[in-house]
Structures are given as structure tokens and as C-alpha cells.
Amino acid sequence: MTSRVYVESSIRQHPRTRQLLQRLNKLPVIEIEHYGEVFNPRSQNFRLQKKNPAIIIAHKNKGHMLAAPEGYGLGGDHNYYFSHMLNCLYDCRYCFLQGMYQSAHQLLFVNFEDFGDEMRRVAASHPQQPVWFYSGYDCDSLANDPMTRFTEFFIPLVASIDNAWMELRTKSTQVRGMLKLKPQDRVVTAFSFSDPVSHAQLENGVPSIAKRIDAMRRLMEAGWKVGLRLDPIVYHVNYQVEFKALLEQIFAELDATAMHSVSLGSFRLTRDHFRKVSRLYPDEPLFAQPMELDNGIVSYPVEREREMIEFCETAVLQHVPRHCYHPCNWHG
Amino acid sequence: MLIWVSALHCEAKPIIDFYRLKKSHDDTAFDHYRGNGMACIISGTGKIASSAACAWIAARYGDEASIAWINLGIAGAAQHDIGSIFSLHQVIDADDGHRYYPAPASAVELDGSACMTLSLPSDDYSEEYLFDMEASGFMYATLRFSSAELVKSLKIVSDNQREKIGRDRQRVSDLVHQHIDSIERQASSLMALNDEVAARSPGLEYWQQLTSMAHFSQTQQNRLRVLWRYLMNRDFDAVTLMQQFEEHSPRAIIKHLEQLSYRDSEGLRP
């Protein structure tokens with residue numbers, strides 16, 4: 001439950017702020033100078049704060065478009081990511097966002113136009129070549145769409161830049177905003193799934209698998225490109241049976257050949273994030289499983305990971321044509 | 001552990017009475033009351049006194065797994081009625097401009113307000129803030145020992161532009177007392193959060209016993225702490241676990257605990 005709203009004084013009168021505050025009119029509003037006053041102090045307990053996070057409305061000054069980490073993306077040469085929000089509505093135990101920031105508050109930047117200017121500049125710096133912009137790295141792209149109207153701004157923007165492609169990564173079912181827009185070929189909405197047991201144990205607040213499949217179906221039927229992200233694959237004693245059941249459930253509803261892309265990756269976190277989240281949740285079985293450090297990344301021991309990926313890959317390729325399958329190779 | 005911090009005895013008296021706290025005669029630095037998993041300290045007036053009292057009592061209860069704090073006191077306001085109670089959501093130090101934000105962590109919240117902490121008494125009130133003389137010192141000190149979710153400052157208006165009763169001790173106590181039920185609800189929800197944090201710390205008693213069973217290197221101790229914390233949080237019995245070690249070498253102990261953790265975690269059961 002959202003507890004309160006912090007607003008930077010300088011953007012209190014921004015039209016997007018006013019519209020947000022109108023929507024959040026039941027919550028106490030606290031004016032601040034800069035979001036860092038609330039978001040950055042060290043003496044915050046992420047786990048406690050996550051129970052009743054606040055929304056911080058702020059202005060982003062720089063770093064609107066950032067080069068994507070190596071191995072991120074769908075094979076394009078020019079990959080960037082951007083975050084109009086930091087932190088997520090959901091509370092997935094495996095997510096690096098738990099260890100990313102001091103605060104669990106949701107930070108929303110309202111100066112979309114500055115993101116747009118930077119997107120145009122970046123796209124223009126790679127003329128005639130496709131440039132991918134990924135949203136959903138530091139937040140869920142669609143979970144807050146009814147409030148932020150993110151898609152209403154960014155989808156027409158991408159459509160207006162000839163060489164821009166955008167992936168919206170989400171676990172949300174909030175597709176109503178998109179369904180009001182004209183489908184765009186260069187926008188892919190990628191839905192993440194983990195198997196039913198991992199979903200039940202680790203994805204707090206995330207809509208059910210069935211509801212997300214339904215959201216995908218509605219987008220596909222409306223002519224939108226949709227991707228499937230089977231990431232992270234989490235180890236547990238029944239992961240094979242559960243993973244197969246997940247695929248059966250998805251492809252009973254959706255046409256596999258109409259998928260834009262399917263990717264797969266096992267659970268992994270950087271060493272720092274792993275250390276932070278396992279301290280935050282010392283009682284969490286996921287972090288008590290055997291893990292190994294490889295190249296700064298904590299993940300399953302090589303043999304276990306290989307076995308998991310091989311199994312899941314084989315299962316995926318029984319449903320999906322190979323050309324739209326993209327393994328996530330973080331080992332480099 | 002919940003610690004109440006008030007500048008004056010008359011502000012704390014309703015709490016001391018309500019929770020039947022007993023005066024400690026062991027200490028002379030500050031008047032200090034305790035009982036029921038709580039302590040209450042009378043800091044004296046001003047932000048430095050408040051900081052000093054918080055630091056002193058935090059050291060006094062340094063063995064506690066986690067400490068929650070409530071600063072309870074009176075404040076001045078331009079328009080609010082005498083007796084209105086607020087939970088501060090922003091504290092501004094008038095001298096250095098530093099701002100502090102107690103973080104909301106429970107659904108049970110009183111009306112919020114910003115508060116400006118002054119070094120000297122003043123009745124030149126502005127509409128935007130409450131005014132007091134301790135909150136910034138309280139925040140400055142307590143945020144070094146606890147997270148912002150475990151720190152609250154509750155202020156009751158004693159003075160406004162129409163009336164001033166802040167110097168009448170009995171009436172100050174009466175103002176606090178009239179809100180004792182909602183103050184108690186704040187305290188209960190804060191203590192529940194604090195218990196949640198404290199429960200995740202491994203029992204120090206057993207930890208010391210465990211680490212004395214073999215000569216662990218620092219790296220081994222770090223690994224041991226992670227495993228021990230997990231198993232204790234999963235309700236394994238410390239004494240039974242320690243009896244299970246067949247070999248008392250650091251490696252063997254860690255390996256044994258690892259096997260238990262791996263087995264326990266493979267189903268992802270909560």
C-alpha cells in the first residue's frame with residue numbers, strides 16, 4: 001500500500017506532476033528539494049519500507065539513456081536502457097532491485113520530454129542502424145502505466161524515430177493503455193515468467209500466470225509484438241516438471257510461431273547485489289542454495305546451471321521455432 | 001526494545017505511568033525509566049541534549065538486537081489547535097538546513113507534519129511547520145543506530161498564536177495523556193516492526209558458543225554467519241545443531257551446516 005507522496009518543489013507545477021497528484025489525492029504530499037534526500041540516505045531498511053513504500057515524483061537531470069550491460073538484449077549492435085522509474089511495484093525475491101537502492105520507494109521521473117530528446121540524439125548517432133531501447137531494467141515498464149501514462153508518451157515517440165526499437169519488459173497485466181494505441185512494429189512487449197512454484201514462493205504481488213498470459217493474448221490479438229522472457233529459471237526439486245507445466249500453460253493459449261522472441265536465463269546476481277539481498281532476507285531459501293561466483297556474478301554451480309539451461313532450452317524448442325529463441329549468455 | 005525520548009519529565013509522565021516504567025537508579029547522566037521491553041529517557045531541552053541522550057541510551061542498550069525510537073514532545077504551531085497530535089514526516093534543522101525523513105513503515109499513521117527545530121525558543125510561527133527544539137537532534141542521533149522506519153517523532157501542539165500552555169507542566173502532561181490510546185497504537189506497531197528486525201539477528205549467546213568450537217578464519221566466520229543466520233531463521237534448534245557436529249574442525253562444521261541449508265532450501269518452501 002502506497003503510504004505518501006514526496007514531490008520535488010521544482011516540478012510541483014509540472015503538468016505530469018499535477019495529473020499524478022490528482023490521481024493520488026488521498027495520500028499525504030510532502031515537498032522535498034531533491035529526491036536524493038529521501039531516496040539515498042543509508043539508514044533505511046528496504047525490507048520494512050517495501051511494506052508501505054512511498055512514491056517520489058522527481059526530475060531526472062542526466063543519464064536518461066544508458067548503454068545496456070554486455071549480453072543484455074536480443075542480439076542488436078546498439079543497445080541502450082532507460083528508466084522513467086526506479087524500483088518496482090512488485091516484490092520478487094530474486095530481483096536485483098532489492099539490492100540496488102537504499103530505498104524501496106518508487107521514484108518516478110516526470111520529465112519524459114528530456115528522455116525523448118536523448119533517445120532521438122542516441123538514435124541519430126547510429127544512422128541507418130537499428131538501435132534498441134530497453135525499458136524495464138530498473139522498474140516494471142507497465143505496472144504503473146495507468147498512473148504514469150508511460151506508453152502514451154514513449155510508444156508514439158519510438159514510432160517517430162525510424163531506427164528506434166523498444167522493448168518493454170514487464171510482469172504486469174496493465175495493457176489497457178497500449179490497447180488504445182495503434183500497434184507499432186518496432187515495439188516489443190516482453191513478459192517475464194518463472195515456473196508456478198517460483199512464482200508462488202518468490203514473486204510477491206505479481207499477477208497470476210494465467211492473467212499475464214491473458215494480457216499477452218490481448219496484445220497479440222490487437223497486433224502488438226510480444227516476447228516471452230523465461231527468466232530467471234530458479235532451481236528447486238520440481239523445477240523440470242513445473243517449467244514444462246508453465247510452457248504448456250502458455251502455449252495452450254498463445255501461438256508460439258507468432259512470438260517475436262523467447263529468451264531464457266538462470267537466476268544470477270552480481271556479487272554485491274547477492275550479498276545485499278541475502279543479508280536483507282537471511283531466511284530466504286533461494287539464497288541458501290549452492291551458488292558460485294563467476295566473473296563477479298553469483299549463480300548456480302556450472303554443472304547445475306548447464307543442466308537447467310539444457311533442460312529448459314530443449315523444452316522451449318519443442319514449442320518455439322529456433323530463430324526466435326535467444327539464450328541469455330551472461331558468462332561472456 | 002522501544003526507547004522513548006522526551007525533553008521534559010512532564011511530556012514523558014503519561015508514558016511512564018501507562019507502561020508502569022520504573023526509574024533506574026543505576027545511572028546519573030540522564031533520568032531513565034525502564035520496563036516491559038521499553039526504556040524512557042528524559043533528555044533535557046534542546047537538540048544537543050536530545051542527541052546526547054539518544055547516544056547515551058543507545059550505548060546503554062547496545063546488546064539489543066534492534067532498537068525502535070519515539071521522540072514524544074510538545075511543539076508550537078501557527079494555527080493548529082492546542083492538543084493536536086502529529087507524526088513528523090519531515091524534520092528541518094533551522095541552523096544548518098539539514099532535513100530528515102522518518103520513513104512510513106506501518107499502516108497505522110497519525111496526521112503528518114513538517115517540523116522545524118530551533119536552537120532558541122521563538123513564537124514567530126509560520127504556517128508550514130510545527131516548531132520544536134529537539135527533533136533534529138533526535139533524528140541525527142537515532143538514525144546512526146536504527147533505520148528510518150524504526151524512528152518516529154510525535155508532537156502535540158502546546159502553543160499557537162492564540163494560546164501558550166507549554167510552560168504549564170500539568171497541562172502538558174494532560175495534553176499527552178489525552179492521546180495515550182493513539183500513542184500506544186503507534187508504539188505497538190513500531191514494536192512489531194522492531195521485533196521483526198530483531199528476530200532476524202542470530203542469538204548472540206549461541207553464536208559465541210558456535211565460534212568458540214573451532215578456530216575459524218575471518219572468511220570462515222563470514223560463511224558461518226550466513227549459514228547460522230539462515231538456519232536460525234528457519235527454526236532449527238541451536239543446541240541440537242551443535243550436538244550434531246561429529247568433527248570440530250572449521251571445515252567440517254561449515255560443511256555440515258551447508259548440507260543442512262542446501263537440503264532445507266531445495267524446495268523453496270517459505
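User: What makes a residue of chain A or chain B part of the contact?

Analyst: Contact means heavy atoms within 4.5 Å. On that basis 37 residues come from chain A and 33 residues from chain B. Bear in mind that this is a predicted model, where local features need pLDDT of at least 70, side-chain atom pairs count only at pLDDT 80 or more, and totals for chains, interfaces and linings use all residues. Residues are numbered from 1 along each chain as its sequence is written, chains are lettered from A and ligands numbered from 1 in the order written, and side-chain values use heavy atoms, with hydrogens and water left out.

User: How do you know how much area chain A and chain B bury between them?

Analyst: Buried area is the accessible area (1.4 Å probe) that two parts lose on being put together, summed over both. Here that gives about 2900 Å², with 60% of it on carbon and sulfur atoms. On the chain A side, A:S43, A:L48 and A:P282 supply 20% of the area buried against chain B, more than any other three residues.

User: Why do 55% of the residues of chain B count as buried?

Analyst: Because buried means under 20% relative accessible area (1.4 Å probe, protein chains only), and 55% of the 270 residues of chain B count as such.

User: What makes domain 1 and domain 2 of chain B separate entries?

Analyst: The bounds come from an automatic or database domain assignment, which puts domain 1 at 2-199 and domain 2 at 204-265. Taken over C-alpha atoms, their centres are 41 Å apart.

Definitions and conventions. Buried means under 20% relative accessible area, exposed over 50%, partly exposed in between (1.4 Å probe, protein chains only).
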